[in-house]
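Please look over the sequence and the model shown here before reading the briefing that follows. The points below are grouped by topic.

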Amino acid sequence: MAITYPKKYHVIVVGAGHAGCEAALAAARMGCKTLVLTGNLDTIGLMSCNPSIGGVGKGHLVKEIDALGGEMGKAADATAIQFRRLNTRKGPAVQATRIQADRQAYKTYMRKALESEKNIDLKQRMVEGFLVEGGRAVGVKTSLGEHFLADAVVVTPGTFPNGLIHIGLTQISAGRAGEAPAYGISESFQKLGFRIGRLKTGTPPRLDGRTIKWDILEVQPGDPEPKPFSFSNDKIEREQLPCYITYTNERTHQIIRSNLHKSPLYSGIIKGIGPRYCPSIEDKVVKFPDKERHQVFLEPEGWGTYEIYPNGISTSLPLDVQYEFIRTIRGLEEAEIMRPGYAVEYDFSDPTQLKPTLETKLIENLFFAGQINGTTGYEEAASQGLIAGINAALRVKGESPFILDRSEAYIGILIDDLVTKGVDEPYRMFTSRAEYRLILREDNADLRLREKGYKLGLVREEDFLRFLQKKKKIQEEFERLEHTKVFPDLRTNDILIQLGSSPLKKPYTLKELLRRPEITYRELALIDPVSATLVNTDISIQVEMEVKYEGYIQRQIEQIEKFKKLENIKIPEGFSYENIPGLSKEIIQKLSRIRPVSLGQASRISGMTPAALSVLMVYLRRNENTSEERHSSYSSSSS
């Protein structure tokens, strides 16, 4: 007999990984009584794979999470053991932040963040199914026969649904090494009518740092002046740990090739599709036979441990083969394995079954976030968790949903890609997925999203006031550059000539000087005393970027205006495509399955043709005009 827990919640969050943590914190901070149910309280916020946050594309997501009031950026800053800026020699659109975190400290931080939130209750339970009444989620049921009731449910189960670990030909039922899988929740998805697929991810063996020959390896130190992830932090003043680099070689590859028959990946045992952009070492050796070596990053797991994460050699080969090939790698000739590498298969739900709010189309008030939607990576999961938590809270409050579009944020691109195109492999964020990436930079995430986070109630008052001050200073500096003139005197021209820049023949504004490719704030400081006080500050970085790329940015703004026109043509919920002349059966099927919310989203459906889009646009406008005429007629008759 089921036991109904007496306390009813506004929101229940199932799972406490990166998606679950952000979902719970968002809902609670928006005033919702929130219950977090997880199979193990000791693994809240656990970094299951590599001990790092950020990277190209992924770092953009973390900055956006922070700008909206999420926790990942703060956690990264508080627990980082190394900071690195990536692509600093490339354009601003692809520059990104990546940190190595202390794995234990990170999960400790996240658990404390949840426990410190007055609106959050934590319970260690395994959820086996959902309580649904009249097509609406009203709670969950656990393996102990309990029923927990809530107005909305956010599901973030990670790799646990029907999780199966592979080490060679050995199979272990687990969602993560040492942790039981979730069987009931997968069965519940299927009973509710969700389309379920199978994906795979993997992890490398963890090594004992005391058995590595560090002195012969290439060292990779952190940045001397680390830049924080969180906009709430000014600087990082903490000692950093180095990472190290080594490489596989032909002998390594030969051992792997000769043991492929023992790999579940190549013997046909694993059915799930793995991440193309984070392949196993077996995949690298097979798919890139001409490559003589593959890079391996040796990343420390934290300050208080010798455990090392060898990034780049994810594998599901048998343990004895793992030992054999690892010991062919320079510096690892005597390495001991602390934890074996493995692959894990798990169930996921087709994300085209979701609305852009991450609410499911099949069941009201039920939201999915994280790997259940076919993504891979902590940052992608956290982004979805944040949006699902926000929209669950808004649904409970009866307020309008929160949706970011592709022109506003990488988070908007991530979710739009998922719900519009679906996935046929684990989805990973890249800057190349962004049409407007010059506008969606890491450095301006707060300028794009901070106000939205504040209006939602997620950004603290002091952080918002800090943001307003920064915004004001940026505007003032723009105006100063536009109105301050530099004259062609001897001193100024001497400085410009020494910098390899053309001397002045007439007065120039500081803005015009800064637009020159060879002039940055550092050079401007030699001419202008005020600029000298701004070198390497958030203000100068932002202003310099906008000045130097002004023409390109303006072009993207014009493109966004065209994009918005299609996004603003809404498609009514429940709209029928069946009787629209000129649409093929295939297009009608796709539109009926995806159920786009706007003409813009419809345009991004795979296989949608320009002709079909034109037909749909004409029909929607005709339909809109007819509705307006009916409304006008009704208003006249009423009066």
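Gln-556 is buried, with a relative accessible area of 13%, where buried stands for under 20% relative accessible area, exposed for over 50% and partly exposed for anything in between, computed with a 1.4 Å probe on protein chains only. The model is predicted, so that local features need pLDDT of at least 70 and side-chain atom pairs count only at pLDDT 80 or more, while totals for chains, interfaces and linings use all residues. Residues are numbered from 1 along each chain as its sequence is written, and side-chain values use heavy atoms, with hydrogens and water left out.

**Surroundings of Gln-556**

- Gln-556 belongs to helix α18; helices (H or I, at least four residues) and strands (E, at least two) are DSSP runs numbered from the N terminus.
- Leaving aside residues up to four places away in sequence, Gln-556 touches Glu-435, Tyr-436, Arg-437, Leu-438 and Ile-439, a contact being heavy atoms within 4.5 Å.

**Salt bridges**

- The whole structure holds 54 salt bridges, each defined as a side-chain nitrogen of Lys or Arg within 4 Å of a carboxyl oxygen of Asp or Glu.
- Asp-416 pairs with Arg-604 in a salt bridge whose closest N and O atoms are 2.6 Å apart. This pair links distant parts of the chain, with Asp-416 in helix α10 (residues 410-421) and Arg-604 in the loop between α20 (599-603) and α21 (610-638), 188 residues apart.
- Asp-416 counts as buried at 10% relative accessibility, and Arg-604 is likewise buried, with a relative accessible area of 15%.
- Glu-550 forms a salt bridge with Arg-515, and the closest N and O atoms lie 2.8 Å apart. Glu-550 is in helix α18 (residues 550-567) and Arg-515 in the loop between α14 (510-514) and α15, so the pair, 35 residues apart, links distant parts of the chain by the DSSP assignment.
- Glu-550 counts as partly exposed at 33% relative accessibility, and Arg-515 counts as partly exposed at 39%.
- Lys-471 forms a salt bridge with Glu-451, with 4.0 Å between the closest N and O atoms. Here helix α12, which holds Lys-471, is linked to helix α11, which holds Glu-451, the two residues being 20 residues apart.

**The second largest pocket**

- About 1500 Å³ of space lies in the second largest pocket, a volume being the space filled by probe spheres set on grid points that are joined across faces, edges and corners.
- On a 1 Å grid over the protein atoms alone, with a 1.4 Å probe, a pocket is an open set of points with protein on both sides within 12 Å along at least five of seven lines, and lining residues have an atom within 4 Å of a point.
- The lining of this pocket comprises 44 residues, and Lys-227, Asn-536, Thr-537, Asp-538 and Ile-541 lie nearest its centre.
- Helices α11 (445-456), α12 (461-483), α15 (521-524) and α17 (538-548) each supply at least two lining residues, and α17 gives the largest share, eight residues.
- By class, the lining has twelve nonpolar, twelve polar and 20 charged residues, with Ala, Val, Leu, Ile, Met, Phe, Trp, Tyr, Cys and Pro taken as nonpolar, Asp, Glu, Lys and Arg as charged, and the others, Gly among them, as polar.
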